[in-house]
Amino acid sequence: MIGNSRLHWALFTGATLEAAWDTDHLPALVVEQLIQSWQAGEWKTELFPDTQINAIQIPNSTPIPLYVASVVPVQTQLWQTYPYINVITLDQLPLHGLYPTLGIDRALAVLGAGENLGFPVLVIDGGTALTFTGVDAQKRLVGGAILPGLRLQIQSLTDRTAALPKIELYSEMPPRWALNTVEAIQSGVSYTVLAGVKDFIESWWQEFPESKIAITGGDRTLLLVYLQAKFPNIAAKVIADPHLIFWGMQSLTINN
């Protein structure tokens, strides 16, 4: 999955998810090296220094199929010379009512959540953007919403506010009533985002009372911690899964 900020990888052996990891967007030279090695049926572990990846034994001699979904067209082009590439597009997904500009990451995540947890389902993705995507029992898109993610909101304030140090988010809910500017930003972002998450979940449950709620993305754990601190009854019903997009991809490979 080619995201706005990073590449998100998953390695499957059949239906088994062996490992998942992230990298920065790769330079063209590294992409070329990977393509050459995969085409030859070789798994170059040195290009992925993660020890979990290095421990996996990949049989050589068979070209490795690559499934790609992307929200960054320029990055997608780097991989197009690989002959065993499958670029996933919206029209391949067994979901109804998708609009042309819907992000493939959102669509795959809600598909993966629905296939694993059942439809209807609401997916909250806490990444660079914080998104909500809901699908009903007939696998039809109900709709969703997008706003800047937790860290992007913090970054936008620090980038445009003079004389502020780098601001990090609390690993727990910060004090609501701050007595300095840094903590005031931490409080403002955390509490307003959390209130929005609660409101969207409650609104969804009004329409689909038995629906599952799934949360994914890099800030999923932080958001869930915040929910547990302030709205434990809601948090208890939210299912965290970092691999929803990959479950969506996998369902396509199995069904096709």
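Tutor: First, some labels: helices (H or I, at least four residues) and strands (E, at least two) are DSSP runs, and they are numbered from the N terminus. Keep in mind that this is a predicted model.

Student: OK. Where does Lys139 lie?

Tutor: Lys139 is in the loop that runs between E6 and strand E7 (141-148).

Student: And what is its phi near?

Tutor: Phi of Lys139 is near 65°, which is a positive value in a residue other than glycine. Most residues other than glycine have a negative phi.

Student: Which peptide bond is cis?

Tutor: The one from Phe119 to Pro120, with omega near 0°. Most peptide bonds are trans. Pro120 sits in the loop between H4 and E5.

Student: What does Ser211 touch?

Tutor: Pro120 is one of its contacts, along with Val121, Leu122, Trp204 and Trp205, leaving out residues up to four places away in sequence. Ser211 itself is in the loop between H6 and E8. Its relative accessible area is 6%, so Ser211 is buried.

Student: New topic. How many residues does the largest nonpolar core have?

Tutor: It has 30 residues, and those with the most contacts inside it are Ile124, Val197, Ile201, Ile213, Leu227 and Val238. At least two residues each come from several elements, including strand E5 (121-126), helix H6 (181-207) and strand E8 (212-216). H6 gives the most, with nine residues.

Student: What is Val238 in contact with?

Tutor: Setting aside neighbours within four places in sequence, Val238 contacts Ile201, Ile213, Ile215, Leu224 and Leu227. Apart from this core lies another, of 25 residues, among them Ala69, Ile88, Leu90 and Ala107.

Student: Why do those side chains gather like that?

Tutor: In soluble globular proteins, nonpolar side chains tend to be buried together.

Student: Which element gives the largest share of the lining?

Tutor: H5, with five residues. By class, the lining of the largest pocket has 18 nonpolar, 16 polar and 10 charged residues.

Notes. Residues numbered from 1 in each chain as written. Predicted model: local features only at pLDDT ≥ 70, side-chain atom pairs only at ≥ 80, totals over all residues. Heavy atoms only, no water. Core = buried A, V, L, I, M, F, W, Y, C linked by side-chain atoms within 4.5 Å. Buried < 20%, exposed > 50% of the residue type's maximum accessible area, 1.4 Å probe, protein only. Contact = heavy atoms within 4.5 Å. Nonpolar A, V, L, I, M, F, W, Y, C, P; charged D, E, K, R; others polar.
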